[in-house]
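Me: I have a structure open and a few things to ask about it. Can we go through them one by one?

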Amino acid sequence: MVLRDFTTDHSACALNTATLGHNLEGYGAGWSVERVIDACAARGLAGIVFWRREIGNRAEEIGERVRAAGMEVVGLCRTPFLVGSDVPDRFEDDARAAVDMAAALGTTVLTIVTGGTEPGTTGVMDSQKILAARTAKLAEYASQFGVSLALEPLNPMFGGNRTVLMTAADALRVADMTGQPNVGVAIDVYHVWWDTTLADTLAHRGQGRVLGYHVCDWLEHTSDMLLDRGMMGDGVADLPAIRAAVEATGYRGACEVEIFSSNNWWQRDPDDVLDQMVARFRKVC
Ligand code: ZN
């Protein structure tokens, strides 16, 4: 399978609005959703991935506006944690509300960050069983709206309180455990760049199962686990190799740029960030 050529065509590039700092209070330039949409459309992007807090009760309106601008809503971040000690009260209602919002936006992908190890258990295996059961139930609900659920494995440093899926293999296994056809995985460079088994795993078990690909870079001297992601080309991740592994599964969807960077990219003018993002996408992704 031939890797898509991005050097002359960035029409697969999408913005995850985290890159502009919009998903955390006190960060970002305060652009309206409309301004973000216009700026992405002006640069010929494939679409946008939003966070729920930006959407409020305007999901249908925002979805229509994205499509009117010639783009897609590529995905929605994210469900509440489904396992671990930080699972909110009434998490099932909240998870269904996330599905409803995805449907109203007109996107087919809702991302799941799982939450950590379930209280009263140790390790991740028991938690993964609980996660699979809860994801299966949510997937049944989501299927009536044409929404798929993307289990995102996180870098192992997020184990404990944020995830019970540390590898693509874990995520694919739990997706299998759900028995639901609308459950797959999201592959994020930040979380998998170190995993030398990624290509094998995806080749053997990932066919048709990748629902999203998130790009950034891993900075050699990272200063913060959560908020110091690098722009593509500034770090040590082998971006072409990771994309080759993802595309070998048949994935031809958007590649969303997702950069949490409180001290660098979030301090910059969003227009500059978007221009750099497109340039790096063409150059190094
Ligand atoms: Zn991600």
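Me: Is R43 buried or exposed?
Reply: R43 is buried in this predicted model. Its relative accessible area is 16%, and buried means under 20%, so R43 falls in that class.

Me: Where does R43 sit in the chain?
Reply: R43 is in a loop. That loop runs between helix 1 (33-42) and strand 2 (47-51).

Me: Which residues is R43 in contact with, leaving aside neighbours within four places in sequence?
Reply: Those are H10, D271, L274, D275 and V278.

Me: And what lies 3.0 Å from a polar atom of the R43 side chain?
Reply: The backbone oxygen of A39 does.

Me: Switching to D94. Where is that one?
Reply: D94 is in helix 4, residues 91-105.

Me: How does D94 count for accessibility?
Reply: D94 counts as partly exposed, with 28% relative accessibility.

Me: What does D94 touch, not counting residues up to four places away in sequence?
Reply: D94 touches R52 and P80.

Me: Last topic, helix 9. Which of its residues are buried?
Reply: Helix 9 covers residues 239-247, and its buried residues are L239, I242, R243, A245, V246 and E247.

Me: What covers them?
Reply: The cover includes strand 6 (183-188), strand 7 (210-215) and strand 8 (255-257). Helix 7 (189-192), helix 8 (198-205) and helix 10 (270-284) are also part of that cover.

Methods: Residues are numbered from 1 along each chain as its sequence is written. This is a predicted model: local features need pLDDT of at least 70, side-chain atom pairs count only at pLDDT 80 or more; totals for chains, interfaces and linings use all residues. Side-chain values use heavy atoms; hydrogens and water are left out. Helices (H or I, at least four residues) and strands (E, at least two) are DSSP runs, numbered from the N terminus. Buried means under 20% relative accessible area, exposed over 50%, partly exposed in between (1.4 Å probe, protein chains only). A polar contact is a pair of N or O atoms within 3.5 Å; within protein, one must be able to donate a hydrogen and the other to accept it, and residues adjacent in sequence count only if both atoms are side-chain atoms. Contact means heavy atoms within 4.5 Å.
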